[in-house]
Amino acid sequence: QPNLVTIDQLDAEDALDLIHEAQAYKAGKTVELKRPAYAMNLFFEDSTRTKSSFQMAQLKLGMKIINFNAQTSSVNKGESLYDTLKTIESIGVDIAVIRHSENNYYRDLLKNHHLNIGIVNAGDGSGQHPSQCLLDMMTIAEQFHCFHDLKVLIVGDISHSRVARSNAQMLTRLGAKVYFAGPKQWFDDTFTQYGEYGELDDLLPQMDVVNLLRIQNERLGADIEVDTGDYHERYGLTKARYDQMKEKAIIIHPAPVNRGVEIDSDLVESPKSRIFTQMENGVFVRMAILSRILRYRKAL
Ligand code: CP
């Protein structure tokens with residue numbers, strides 16, 4: 001495929017293929033490009049993990065990276081995202097990795113098929129985060145090997161979360177059972193098709209995977225202030241709640257983590273936590289995503 005912009009593009013088999021390829025990269029598989037290939041990472045929203053992880057994946061595949069700084073680009077002179085991409089296509093870039101605050105920013109770009117550049121969505125507003133979703137699925141697969149009937153609880157700021165949306169969709173497709181908990185005002189009807197909402201303390205002891213989410217203050221609006229201490233007590237993963245989890249259950253979180261809010265700081269690196277394994281797996285999943293596009297573009 002030429003792009004990966006939404007998890008909707010992947011059926012269960014596609015997702016498992018990408019995870020298997022990522023596992024091969026993790027086990028030491030190397031590749032050689034057939035020709036020089038160039039990447040540009042256009043981040044219009046802040047990022048530590050996704051941007052550096054894509055950069056690492058690009059370098060490991062032997063791609064060359066052209067720098068792009070959203071703050072000093074001609075977007076600030078009014079140039080559209082489409083014209084920006086047409087420009088970097090013209091100078092020979094193969095793949096653009098884009099993070100943008102606007103939901104579905106990629107729809108207009110792809111509508112008329114005038115762009116001959118691979119596009120990878122690195123997160124669009126509260127829409128989709130396909131590479132995060134696949135690295136989460138890889139991390140779950142490492143622990144459980146099979147998704148069928150696995151119980152996954154997504155906790156927290158669900159309605160603003162592109163991770164919750166992508167993961168709920170893909171987990172359902174892979175045969176897992178999805179549950180939601182957290183403040184009711186952050187759960188919306190668009191999620192009911194994927195699973196049921198319940199009380200955190202009732203659901204937690206039955207779960208195989210607990211997928212914590214960050215409170216996304218940047219999407220809440222200036223007039224909403226969250227009492228973080230109260231949130232931690234009601235919805236956070238405390239030591240008492242950790243002790244209620246199944247023996248083999250794991251904790252995942254896309255990060256950045258608000259230590260002491262959605263999770264007790266000491267639990268971030270606890271035996272059940274896979275938060276840093278997720279980051280490690282992210283590089284290999286992104287290598288698999290980029291490889292697929294490079295093969296389409298006959299560069300691999
Ligand atoms: N998980 C994630 O997307 O992290 P960054 O915002 O740091 O990229």
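Select residues 3-142. An unreviewed UniProt entry annotates this stretch as "domain: Aspartate/ornithine carbamoyltransferase carbamoyl-P binding". UniProt positions follow the numbering used here, feature names are shortened, and annotations may be inferred rather than shown by experiment. Over residues 3-142 the chain is 41% helix and 17% strand, with end C-alpha atoms 26 Å apart. Helices (H or I, at least four residues) and strands (E, at least two) are DSSP runs, numbered from the N terminus.

Two notes before moving on. This is a predicted model: local features need pLDDT of at least 70, side-chain atom pairs count only at pLDDT 80 or more, and totals for chains, interfaces and linings use all residues. Residues are numbered from 1 along each chain as its sequence is written.

**The open sheet**

Select the strands next. Five of them form an open sheet, ordered S1-S5-S4-S2-S3, with parallel pairing. Strands pair if DSSP finds at least two bridges between them. At the edges are S1 (3-4) and S3 (64-66), each pairing on one side only.

Zoom to S4 (residues 95-100) and S5 (residues 118-124). Five bridges join these parallel strands. Val-97 stands opposite Val-120 in S5.

H2 lies across S2 (38-43), S3, S4 and S5, and runs at about 180° to S2. Axes are lines fitted to C-alpha atoms, for helices over the stretch in contact (C-beta atoms, placed from the backbone, within 7 Å). Angles run from 0 to 180 degrees between N-to-C directions.

**Helix H1**

Select residues 12-26. Which residues of H1 are buried? They are Ala-15, Leu-18, Ile-19, Ala-22 and Tyr-25. Seen down the axis of H1, they fall within an arc of 115°, so they line one face of the helix. The arc is that of the directions from the helix axis to the C-beta atoms. Buried means 20 or more other C-beta atoms within 10 Å of the residue's own; exposed means 12 or fewer; partly exposed is in between; C-beta atoms are placed from the backbone.

Show H5 (130-144), H6 (162-174) and H11 (275-296): the buried residues of H1 pack against these helices. On the other side of H1, Glu-13 and His-20 are exposed. Just after H1, click Gly-28, which has a positive phi of about 115°.

Finish at S6 (residues 151-155) and S7, which pair in the parallel sense over five bridges. Ile-154 has Phe-180 in S7 as its bridge partner. S7 (residues 177-181) is mostly covered, with four of its five residues buried.

Terms used:
Contact = placed C-beta atoms within 7 Å.
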